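Please go through the points below with the model open. They take up ion pairs, helix packing, backbone angles and surface in turn.

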Amino acid sequence: LDAGRRFLPKAALLREVVDGMALVRMNVLQLHLSDFCRFAVDLPGFPALNRSLTGLLEGQYSVQDVRDIVAYAHDRAILVLPEVDLPGHAGGLLPLED
């Protein structure tokens, strides 16, 4: 799931993606969190990382949101595999240069 470019709110991610995966017995959710245009997680200590939220749908997950997604998926026997694509999408880290 490419949350780096096409953000999906947590409620929709749980209901539409995770529950749908469980229904058809899929067991790995690769959560793509970075893209050239943005980073989909609000990381404490790096506020500049989300200064320019661009992409098809703007938004970001909090650290607690990610924990909730992982726990919800785990309860349905789904492994969440977070992906931060480097060096391919290192441009999404450019706000950290300041």
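1. Asp-19 and Arg-76 join their side chains in a salt bridge, with N and O 3.1 Å apart; the term stands for a side-chain nitrogen of Lys or Arg within 4 Å of a carboxyl oxygen of Asp or Glu. Asp-19 belongs to helix H1 and Arg-76 to the loop between H2 and E4, so the bridge ties together parts 57 residues apart in sequence. Helices (H or I, at least four residues) and strands (E, at least two) are DSSP runs numbered from the N terminus. Asp-19 is partly exposed at 28% relative accessibility, and Arg-76 is partly exposed at 30%. Here buried means under 20% relative accessible area, exposed over 50%, and partly exposed in between, with a 1.4 Å probe and protein chains only.

2. The model is predicted: local features need pLDDT of at least 70, side-chain atom pairs count only at pLDDT 80 or more, and totals for chains, interfaces and linings use all residues. Residues are numbered from 1 along each chain as its sequence is written, and side-chain values use heavy atoms, with hydrogens and water left out.

3. Which side chain meets Asp-65 in a salt bridge? The partner is Lys-10, at 3.5 Å from N to O. This pair links distant parts of the chain, since Lys-10 sits in helix H1 and Asp-65 in helix H2, 55 residues apart. Lys-10 is partly exposed, at a relative accessible area of 24%, whereas Asp-65 counts as buried at 18%. Lys-10 and Asp-65 are also linked with Asp-68 in a network of salt bridges.

4. The structure holds four salt bridges. One of them is formed by Arg-15 and Glu-16, whose closest N and O atoms are 3.4 Å apart. As background, side chains of opposite charge can pair when their charged atoms come close.

5. The overall layout consists of two helices and four strands. Along the sequence the order is α-β-β-β-α-β. Of the 98 residues in the protein, 35% are buried.

6. How are H1 and H2 packed? H1 and helix H2 (residues 63-75) pack at an angle of about 20°, and their axes are 11 Å apart. The axes are lines fitted to C-alpha atoms, for helices over the stretch in contact, and the angles run from 0 to 180 degrees between N-to-C directions. H1 and H2 are therefore roughly parallel to each other; that label covers angles under 35 degrees, while those over 145 count as roughly antiparallel, 65 to 115 as roughly perpendicular and the rest as oblique. The crossing of H1 past H2 is right-handed, meaning that the near helix is turned clockwise from the far one by less than a right angle, with anticlockwise giving left-handed.

7. Most residues other than glycine have a negative phi. Arg-25 is not a glycine, yet its phi is positive, at about 60°. Arg-25 is found in the loop between H1 and E1 and is exposed, at 76% relative accessibility. Ala-77 likewise has a positive phi, near 60°. Ala-77 lies in the loop between H2 and strand E4 (79-83), and its relative accessible area of 62% makes it exposed.

8. The loop between helix H1 (10-23) and strand E1 (28-32) also holds Val-24. Val-24 is exposed, at a relative accessible area of 55%. Leu-23, Val-24 and Met-26 make a nonpolar surface patch of about 350 Å². Patches take residues with over 30% relative accessible area and no salt bridge, joining like charges within 9 Å and nonpolar side chains (Val, Leu, Ile, Met, Phe, Trp, Tyr) within 5 Å. The areas come from the Shrake-Rupley method with a 1.4 Å probe, and for residues only the protein chains shown count as cover.

9. Two long-range C-alpha pairs complete the list. Phe-7, in the segment before H1, is buried at a relative accessible area of 8%. Its C-alpha atom is separated by 6.1 Å from that of Gly-59, 52 residues apart along the chain. Val-63 has its place in helix H2 and is partly exposed at 27% relative accessibility. Val-63 and Pro-44 are 8.2 Å apart, C-alpha to C-alpha, and 19 residues apart in sequence.
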